[in-house]
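Reader: I have a model open and some questions about it. Can we go through them one at a time?

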Amino acid sequence: MLSALLSHLEQQRDTVIRWQREMTARPALGPDNKGAGEEAKAAWLREELRALGLSDISRHDSPDERVPCGFRPNISARVPGKKRETLWIIAHMDVVPPGDDKLWHSPPHELRVDGDFLYGRGVEDNQQGMVTAMLAAEALVSRAVTPDTGLGLLFVADEETGMRHGLPYVLAKFPELISDQDLLLVPDMGNQDGSMVEVAEKGCLWLRFTVSGKQCHASTPDKGVNSLVGASACVLELESLYRIFRDKDPLFSPSWSTFVPSKKEANVENINTLPGRDVFYLDCRVLPRYHLDDVEREIRAVADATAARYGVGIEVEVVHREDAPEPTPLDAPVVRRLTRALREQRGIEPRICGVGGQTVAACLRHKKLPVAVWSTLMPNAHTPNERSRVSATIADARTVLAMLFA
């Protein structure tokens with residue numbers, strides 16, 4: 001039975017390309033990224049899931065007046081199994097902006113096919129995960145096969161900008177959807193050979209720094225207070241965090257906590273004006289052994305010292321915070337089934353690890369739900385010319401099906 005399903009998957013190259021083309025053409029950008037949300041992509045997905053023959057399809061819409069439709073969509077669908085347990089594949093519909101279009105070799109929202117490679121914004125993050133789940137579901141339904149373990153598809157919103165309207169909302173408003181007997185797999189992190197199985201994440205802290213000075217003409221800097229100088233000094237002083245939180249953990253790569261200045265907002269529009277206001281952001285990924293309260297306290301001390309030295313005001317605001325959850329136990333059923341499927345179906349020796357990149361798995365672990373994060377990826381999320389492989393997508397679907405018959 002399983003061998004017939006696996007053979008069926010090997011014939012699905014055109015299906016992978018069609019689904020990726022349809023989703024790439026529907027850029028699901030959240031309002032924080034100046035987009036209209038995920039509903040265009042979600043509406044297509046709901047219709048496609050119905051066309052596949054899935055009858056157990058549910059909506060879990062989160063109200064959000066910032067988008068035209070008034071809500072952020074979340075979708076669940078199931079293929080029943082012989083047992084009560086369900087293997088849930090949890091992927092996100094939203095994508096990040098393409099960035100500088102000049103860095104792309106083809107339009108970011110038009111799928112480009114080059115042999116085994118598919119190019120376009122979202123093809124890896126996280127459309128490959130959705131296509132993987134849909135391929136497994138299509139194989140079961142088209143072949144009228146009832147697996148031992150049921151298959152669940154959960155496609156969520158708002159993963160890229162804080163998750164307020166995505167999986168945390170679904171878990172809070174629909175607690176009966178996922179039981180503690182279910183297996184949870186998040187295909188949103190991985191490596192090229194598919195050996196990386198993520199069971200732990202660092203804590204995540206995003207901070208916004210607003211540096212206030214006094215604007216004036218650049219020819220008379222003595223009459224102003226240069227906020228750009230204060231902001232630049234603060235960025236450099238924040239390097240001290242690497243010395244304070246210097247422990248390493250070989251489970252993670254990199255093995256240390258990271259503190260990365262990232263986004264910078266524009267200040268003045270002309271060269272001959274000394275800026276009176278600068279805004280920059282810090283992305284912190286902190287090993288679980290450290291508490292984020294301690295990190296915030298040290299950052300506040302750096303900001304206060306810098307403000308006093310340069311005569312500026314520095315306000316520090318938390319944009320997003322996710323404390324590191326307890327890791328998934330290595331003997332959790334989802335980890336055992338996944339690693340066995342990788343060994344038996346693909347001849348891969350799994351490598352258990354932790355990561356700094358946050359996924360929806362964090363909110364599941366906070367609820368003491370064991371989850372594995374895994375996929376066969378380039379990886380190249382958020383980059384220009386984002387790409388995924390048709391062969392990797394089909395191989396991942398084979399792995400998922402093998403897990404259903406374990």
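Reader: Which residues does Ser 255 touch, not counting residues up to four places away in sequence?
Author: This is a predicted model. In it, Ser 255 touches Asp 247, Lys 248, Asp 249, Pro 250 and Leu 287, with residues up to four places away in sequence not counted.

Reader: And where does Ser 255 lie?
Author: In the loop between helix 7 (241-244) and strand 13 (258-264).

Reader: Is Ser 255 buried or exposed?
Author: Buried, because its relative accessibility is 15% and the cut-off for buried is under 20%.

Reader: Switching to helix 3. How many residues has it, and how far does it reach?
Author: Helix 3 covers residues 39-51, which is 13 residues. From its first C-alpha to its last it reaches 18 Å, close to the 18 Å expected at 1.5 Å a residue.

Reader: Which of its residues are buried?
Author: Glu 39, Lys 41, Ala 42, Trp 44, Leu 45, Arg 46, Glu 48 and Leu 49 are buried in helix 3.

Reader: What comes just after helix 3?
Author: Gly 53 is found there, with a positive phi of about 100°.

Reader: Now charges. How many salt bridges are there?
Author: The count comes to 30 salt bridges. One of them joins Asp 158 to Arg 72, with the closest N and O atoms 3.7 Å apart. That pair links distant parts of the chain, 86 residues apart: Asp 158 is in the loop between strand 8 and helix 5 (167-173), and Arg 72 is in strand 3.

Reader: Are Asp 158 and Arg 72 buried or exposed?
Author: Both Asp 158 and Arg 72 are buried. They also belong to a network of salt bridges that includes Asp 32, Glu 38, Asp 64, Arg 66 and Arg 164.

Reader: What does Glu 317 form a salt bridge with?
Author: Arg 208, and the closest N and O atoms are 3.9 Å apart. Glu 317 sits in strand 16 (residues 313-322) and Arg 208 in strand 11 (residues 203-212), 109 residues apart.

Reader: Why does Arg 208 count as buried?
Author: Because its relative accessibility is 18%, and buried means under 20%. Glu 317 has 37% and counts as partly exposed.

Reader: Which residue does Arg 321 pair with in a salt bridge?
Author: Glu 296, where the closest N and O atoms are 2.6 Å apart. Arg 321 is in strand 16 and Glu 296 in helix 8 (residues 292-310), 25 residues apart. Arg 321 is partly exposed at a relative accessible area of 27%, and Glu 296 is partly exposed at 25%.

Reader: Over how many bridges do strand 6 and strand 7 pair?
Author: Over 3 bridges, in the antiparallel sense. Val 113 has Leu 118 in strand 7 as its bridge partner.

Technical notes
Residues are numbered from 1 along each chain as its sequence is written. This is a predicted model: local features need pLDDT of at least 70, side-chain atom pairs count only at pLDDT 80 or more; totals for chains, interfaces and linings use all residues. Side-chain values use heavy atoms; hydrogens and water are left out. Helices (H or I, at least four residues) and strands (E, at least two) are DSSP runs, numbered from the N terminus. The expected span of a helix is 1.5 Å times one less than its number of residues. Buried means under 20% relative accessible area, exposed over 50%, partly exposed in between (1.4 Å probe, protein chains only). A salt bridge is a side-chain nitrogen of Lys or Arg within 4 Å of a carboxyl oxygen of Asp or Glu. Contact means heavy atoms within 4.5 Å. Two strands pair if DSSP finds at least two bridges between them.
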